[in-house]
Amino acid sequence: MARITFQKLEDHSPLFWGMLGLHAVVIAIGLGAFFYMEHHGHIVTGMNNAIVWGTPHVFAVFLIVAASGALNVASISSVFNNLAYKPFARLSGILAISLLVGGLMVLVLDLGRPERLTVAMTTYNFKSIFAWNIYLYTGFLVIVAAYLFTMMDRSMAKSGKATKFMGWFAFAWRLALTTGTGSIFGFLVAREAYDSAIMAPLFIAASFLYGLAFTVLVLLTMCRETRQQLMSEEVVSKFLNLIIIFALAVLYFTTVKHLTALYASEHHGVEAFILRDGGIYTQLFWLGHVLVGNVLPIVIAAFLSGKGKLFTGRQGLAIASVLAILGGLSFIYVTIIGGQAYPLELLPGMKVESSFLDGQIASYVPSVPEVLLGLAGISIAMLATGIALKVLPFLPHGVEAEG
Amino acid sequence: MSMKFEFPEPSREGAVCGNNFAAGAPGDECATASALPASPPADLATPADPVEVGRRWFLKAATVFTTTVLAPGVTLMAFGEVDGANAKPADQPVSSARRWGLLIDAGKCQDGCSACVTACQVENGIAAPTHPATDSQWIRILKATDPENGSTFQMPIMCQHCAEPPCVDVCPTGASFRRADGIVLVDRHICIGCRYCMMACPYKARSFVHEPLHDQKPYAPRGKGCVESCTMCVHRVDAGGMPACVEACAKTGNGAMIFGDLNDKTSEIAKRVATYRTTRVRADLGTDPGVYYQNI
């Protein structure tokens, strides 16, 4: 195989600057939204004492899950020694870091007392999965940065041993990280919609899909920016296959999760709510998560993309990735908001009511500041990636595109 | 409560009071006036020995007075250990020898009564909720209906002060903590407002302060961006008192709430828990709540 060479972004198109500018504006607006919420309190959000985690958490968790998945490509090249993915390993690493930073920013800025971040970083309750996650997140940033260093340092990259070791380490860590993220919900015994060990593998499968989708979209954007074909047809085909596999995995764990819950009559209420009677949550589950997020990407990748088909491989990849991301946001929304909207079972078998709205489906409408803060998280990740690609050689050289 | 009261000669004051009522005189000003019935009993209205009538009337009045004014206090002391001797010295840590708890008899919790809720709000400086979804509610009245037969009851529900509190387990900074004596609290100095404890609590017992607050009570620190819940009126308990809700419930005469040390086998709460069939809300989750319920 020919020696892989890497490049920084140079000779920028107006589109590049336009996108960087757009992300900067979104971040500025998001910060404005944060200050607004911080000043007035969460009363200006759609959140309440039943839906305590709202849209910012949806974006934050989605980005954190996607971050660990974005490392897939690097892991496949280092851990599973698949050389076809090696040119994209650096991009995979920097994208993973950027997405995690974006997600964490949103998470922190949605705290009731964000100025106490130092408390969260210095005062730990080690029985808390949240506290473990603080280590998992910061550890991920450090480990992936070190992994990138082993890839980019000439002497280390030459021998390959350090890269392989760090690749394994980062792979194990990212599995732990997503397990931890899924377990934030899986450990909640009080909430019927969660409280299941399957949340961890479900989140891992989802992370593979969403991380790959982000990687693919950034790569396709960079193909346009560099006016080079960074991905060969073979790689496009591999990515399409990976989307099929990961989406099938997500569907499998989703099916098992709900079938298991449906088997126990005590969970029929919450399952009926999510799957049948939950209004927006039911729609987002079936249309957003299942159809748009998984079934359509599978159909597009498996049957509609490639030579002589409805879409070219690259078009199919782009469409499937966008759909996977939209479906992913739906999945996290249903999981986080829908799971909280279903009332706690205080007295099983009894109907209850109170001034605190016990026994009722909690209402939640995302407020504009929440959405803006969440979007700012995505923009932080994209802006950081764009700047990183300009500053350091993370992108492989490709074949000059025709035309 | 029965009372024997030896009184060989009617006192002057008692006779005067009785005679005034017997005569139907308005504006009786004796100290027990408020405790006396508005009109004399029928047996006292019949012509009889005026001294005997006066004495019987005084004894009845005294009994009514004692029962209505003094008995609740005596009962509170017995049930709630309000004497100063039980106050925890400020320089000493709490001890696990005690486990403070509540016993709530839903059978005595009267429909429409929310004295415990009002007392909690007054005591802890919590405004009556105008926005039920976002305002803090440390204690609320839960109305339950059995869909099978339509029977209903109501009961107050608040932080259950679990021995295995999920809120404490999940709190990343340790701001949610359980004192050795069983009271679960939030340290407002290190609460970062992540709300994970609210996700974990099976009782919806916690509230997030959604907007700026003013005029907080010095012993009940509260603030925007932090999570809060029932403190079991820890400031009162440490001073040898009882939670405001329990006190208010006793004052209504319902006596549906008892506060005390579950570890003290001689305490009223421990005796009742040992004697009667009690239930703890979602005990199946293994949280070992410190709040017991009867008749639910």
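1. Two strands are said to pair if DSSP finds at least two bridges between them. In this predicted model, strand S3 of chain A (351-353) is joined by three bridges to strand S2 of chain B (residues 139-145), and the two run antiparallel. Within this pairing, A:Val352 stands opposite B:Ala144.

2. The contact between the chains involves 40 residues of chain A and 45 residues of chain B. On the side of chain A that touches chain B, helix H5 (117-122), helix H6 (129-152) and strand S3 each supply at least two residues. H6(A) gives the most, with four residues. By residue class, this side of chain A divides into 22 nonpolar, 11 polar and seven charged residues.

3. Chain B contains nine helices and nine strands. Of its 296 residues, 44% are buried. Among contacts in chain B between residues at least 6 apart in sequence, 64% join residues at least 24 apart.

4. Strand S1 of chain B (residues 100-105) is mostly covered, with six of its six residues buried. In a regular strand, side chains alternate between the two faces of the sheet. Here B:Trp100, B:Leu102 and B:Ile104 point one way, while B:Gly101, B:Leu103 and B:Asp105 point the other way.

5. S1(B) has pairing partners within chain B. Five bridges join S1(B) to strand S8 (residues 257-261), and these strands run antiparallel; the bridge partner of B:Trp100 in S8(B) is B:Asp261. Four bridges join S1(B) to strand S9 (residues 291-294), in a parallel arrangement, and B:Asp105 stands opposite B:Gln294 in S9(B).

Terms used
Residues numbered from 1 in each chain as written. Chains lettered and ligands numbered in written order. Predicted model: local features only at pLDDT ≥ 70, side-chain atom pairs only at ≥ 80, totals over all residues. Contact = placed C-beta atoms within 7 Å. Nonpolar A, V, L, I, M, F, W, Y, C, P; charged D, E, K, R; others polar. Buried ≥ 20, exposed ≤ 12 C-beta atoms within 10 Å, placed from the backbone.
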